[in-house]
Structures are given as structure tokens and as C-alpha cells.
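Welcome to this guided tour. Open your viewer, switch to a cartoon view, and follow along one stop at a time.

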Amino acid sequence: MRIVFFQPDIPQNLGAAMRVAACFGAGMDIIEPCAFPLTAKGIRKAAMDYQAAISPLRHASWGHYTSSADAAIGRLVLFTTKAADNLWDFSFRPDDRLLFGRESAGVPDEVHHSADARVVIPIRPETRSLNVVVSAGIALAEAQRQLGPA
């Protein structure tokens, strides 16, 4: 299983996502451009010593990602507030690629329509959204609960 971050905005979130991926044994893809240099100090600080346990694959653009060999494996599962499939009813597969959008804007329509599945993490109606890294952690935990340890 892989987590895919589309054009991340916040270096500390990307660093924390690296920790989440390392702890759950998931691979990671980063689709650029990012809103910060990928050498940012915030990434290193948030990833701490977990950064050595994961080697994210970088893709220069959405087009580069979709034409990569990694993008041809498994389903692309987009986590979005505009989804019909509820996380608790969704059945994960070991080769799923879990896609998370930009903190500020999610993903563009082209990316949204490219997903094989769209999943929402149900939250209280009076709240707006979860942090992208929190969402990735919840998604990976549920996938691991369903499939067993990596």
C-alpha cells in the first residue's frame, strides 16, 4: 500500500506523513510541485529519525505520476469530502494507492475524476475537515485493520 500526496502545501505535514507511512510500512509518493522546497527544514524536523526509514518517490507533475510504473499498480483511492463511499464501508486491497490532496485546495477535477474510488472519512456535520496527515493515519489504520499488518 502507498500513500500519495498531491502538491503538498505544508512541509511539517509532509514530514509527519513520512512518519505515518514509515510506522505503517506504507510507501509514499509526492506529486509536485510542492508549495515549498522538498529540502525544507520543516520536513526534517517533523519526520525526525523516521525519514531514514522511507524513501518517497517524487513525481514532477500529475502527468509524470500517471505515466509512472507505480501508478499502474492497484487502485487509486482518493480521500475527499466530496465522496460517496464511507471509509467504514470501503474494502481496501493491499495494492491500493491512497491519494490525499493539497491542504488548501484538495485536488483539481481532473485528478478527482481519475480516481478509481473516492472515500470520505465521516466526521461530525458541524466540523469542516481533518488535517491531511490525520486523514492518512486514519486511512492506513483502517486498511491495516482490514488487511492485517504490512
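Helices (H or I, at least four residues) and strands (E, at least two) are runs assigned by DSSP and numbered from the N terminus. This is a predicted model, in which local features need pLDDT of at least 70 and side-chain atom pairs count only at pLDDT 80 or more, while totals for chains, interfaces and linings use all residues. Residues are numbered from 1 along each chain as its sequence is written, and side-chain values use heavy atoms, with hydrogens and water left out.

**Stop 1: the sheet**

Begin by colouring the strands. Seven of them form an open sheet, in the order S3-S2-S1-S6-S4-S7-S5, and the pairing is parallel. Strand S3 (57–59) and strand S5 (85–86) stand at the edges with a single partner strand each, so one side of each has no neighbour in the sheet. Two strands count as paired if DSSP finds at least two bridges between them. Strands of a sheet pair through backbone hydrogen bonds, either parallel or antiparallel.

**Stop 2: strands S1 and S6**

Now select residues 2–6, which are strand S1, and residues 97–100, which are strand S6; four bridges join these parallel strands. Which residue of S6 is the bridge partner of Phe 5? The partner is Phe 100. Ile 3, in turn, stands opposite Leu 98 in S6.

Show the side chains of S6 next. In a regular strand the side chains alternate between the two faces of the sheet. Arg 97 and Leu 99 are on one side of S6, Leu 98 and Phe 100 are on the other, and all are buried. Here, buried means under 20% relative accessible area, exposed means over 50%, and partly exposed lies in between (1.4 Å probe, protein chains only).

**Stop 3: a helix across the strands**

Select residues 132–147 to see helix H5, which lies across S1, strand S4 (76–79) and S6. Helix H5 runs at about 160° to S6. For such angles, axes are lines fitted to C-alpha atoms, for helices over the stretch in contact (heavy atoms within 4.5 Å). The angles run from 0 to 180 degrees between N-to-C directions.

**Stop 4: strand S4 and Val 77**

Move on to S4, which pairs with S6 in the parallel sense over four bridges. S4 is also joined to S7 by three bridges, and these two strands run parallel. Both faces of S4 are covered: Leu 76 and Leu 78 are buried on one side, and Val 77 and Phe 79 are buried on the other.

Is Val 77 buried or exposed? Val 77 counts as buried, at 0% relative accessibility. The bridge partner of Val 77 in S6 is Leu 98, and Val 77 stands opposite Ala 117 in S7. Leaving aside neighbours within four places in sequence, the contacts of Val 77 include Phe 90, Asp 96 and Val 119.

Val 119 is worth a click. In S7, Val 119 is the bridge partner of Phe 79, and Val 119 is also the bridge partner of Asp 85.

**Stop 5: the largest pocket**

Switch to a surface view. A pocket is found on a 1 Å grid over the protein atoms alone, as an open set of points where a 1.4 Å probe fits, with protein on both sides within 12 Å along at least five of seven lines. Lining residues have an atom within 4 Å of a point. The largest pocket has a volume of about 620 Å³. Of the 27 residues that line this pocket, the closest to its centre are Phe 79, Thr 80, Thr 81, Gly 106 and Ser 129. S4, helix H4 (109–114), strand S7 (117–120) and H5 each supply at least two lining residues. The largest share, three residues, comes from H4.

**Stop 6: two loop residues**

Finally, select Pro 33 in the loop between S2 and helix H2 (41–47). The peptide bond from Glu 32 to Pro 33 is cis, with omega near 10°. Then select Gln 7, in the loop between S1 and H1. Phi of Gln 7 is near 45°, a positive value in a residue other than glycine. Gln 7 is buried, with a relative accessible area of 18%.

Definitions and conventions
Points joined across faces, edges and corners; volume = space filled by probe spheres on them.
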